[in-house]
Amino acid sequence: MVKEVRSARRRGAKEEAQIQARRAEEKEKEPKGIKWGPVLVFSSIFLFFVIGAGITAYDMYTGNTNNKGETGYYWCIDQVETFYRKRNPEKLGGVADLCKKYAGKEKRLLEKLYMKYNN
């Protein structure tokens with residue numbers, strides 16, 4: 001600020017007016033409005049986490065988790081086949097259909113089987 005005042009004293013009023021006019025033109029040339037780059041980056045990161053959290057919550061709700069509490073179609077087939085090999089080998093042929101019927105409720109299926117065959 002002090003440098004500008006000193007330089008203004010050295011220059012004439014016309015030169016200072018020209019400098020001010022150039023600065024005003026430069027400001028007019030700058031793009032106005034929203035800068036979309038940061039908006040797009042933020043929204044894509046936000047959506048990535050929101051969608052991921054939604055999928056995880058849905059999988060946890062339906063029982064289709066693939067982490068340490070692993071369940072799902074193939075897990076169900078494995079568990080039910082192991083169960084039927086020990087308790088009722090005659091029903092091994094219908095394991096895939098049974099797991100399709102209980103898709104998303106695999107743990108409930110195993111609970112029912114244990115309740116039925118452990119009594």
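This is a predicted model: local features need pLDDT of at least 70, side-chain atom pairs count only at pLDDT 80 or more; totals for chains, interfaces and linings use all residues.
Side chains of opposite charge can pair when their charged atoms come close.

Arg85 is exposed, at a relative accessible area of 52%. Glu81 is partly exposed, at 25%.

The side chains of Arg108 and Glu111 also meet in a salt bridge, at 3.3 Å from N to O. This pair lies in helix 6. Three residues, about one turn of the helix, separate Arg108 from Glu111. Arg108 is partly exposed, with 39% relative accessibility. Glu111 is likewise partly exposed, at 43%.

Helix 4 (residues 73-87) packs against helix 6 (residues 106-117). The angle between them is about 10 degrees, and their axes lie 10 Å apart. Angles under 35 degrees count as roughly parallel, so helix 4 is roughly parallel to helix 6.

From helix 4, the contact involves Tyr73, Trp75, Cys76, Gln79, Val80, Phe83, Tyr84 and Arg87. Helix 6 contributes Glu106, Lys107, Leu109, Leu110, Leu113, Tyr114 and Tyr117. Of the residues in this contact, eleven are nonpolar, one is polar and three are charged.

Note on methods. Residues are numbered from 1 along each chain as its sequence is written. Side-chain values use heavy atoms; hydrogens and water are left out. Axes are lines fitted to C-alpha atoms, for helices over the stretch in contact, and angles run from 0 to 180 degrees between N-to-C directions. Helices (H or I, at least four residues) and strands (E, at least two) are DSSP runs, numbered from the N terminus. Angles under 35 degrees count as roughly parallel, over 145 as roughly antiparallel, 65 to 115 as roughly perpendicular and the rest as oblique. Contact means heavy atoms within 4.5 Å. Ala, Val, Leu, Ile, Met, Phe, Trp, Tyr, Cys and Pro count as nonpolar, Asp, Glu, Lys and Arg as charged, and the others, Gly among them, as polar. Buried means under 20% relative accessible area, exposed over 50%, partly exposed in between (1.4 Å probe, protein chains only). A salt bridge is a side-chain nitrogen of Lys or Arg within 4 Å of a carboxyl oxygen of Asp or Glu.
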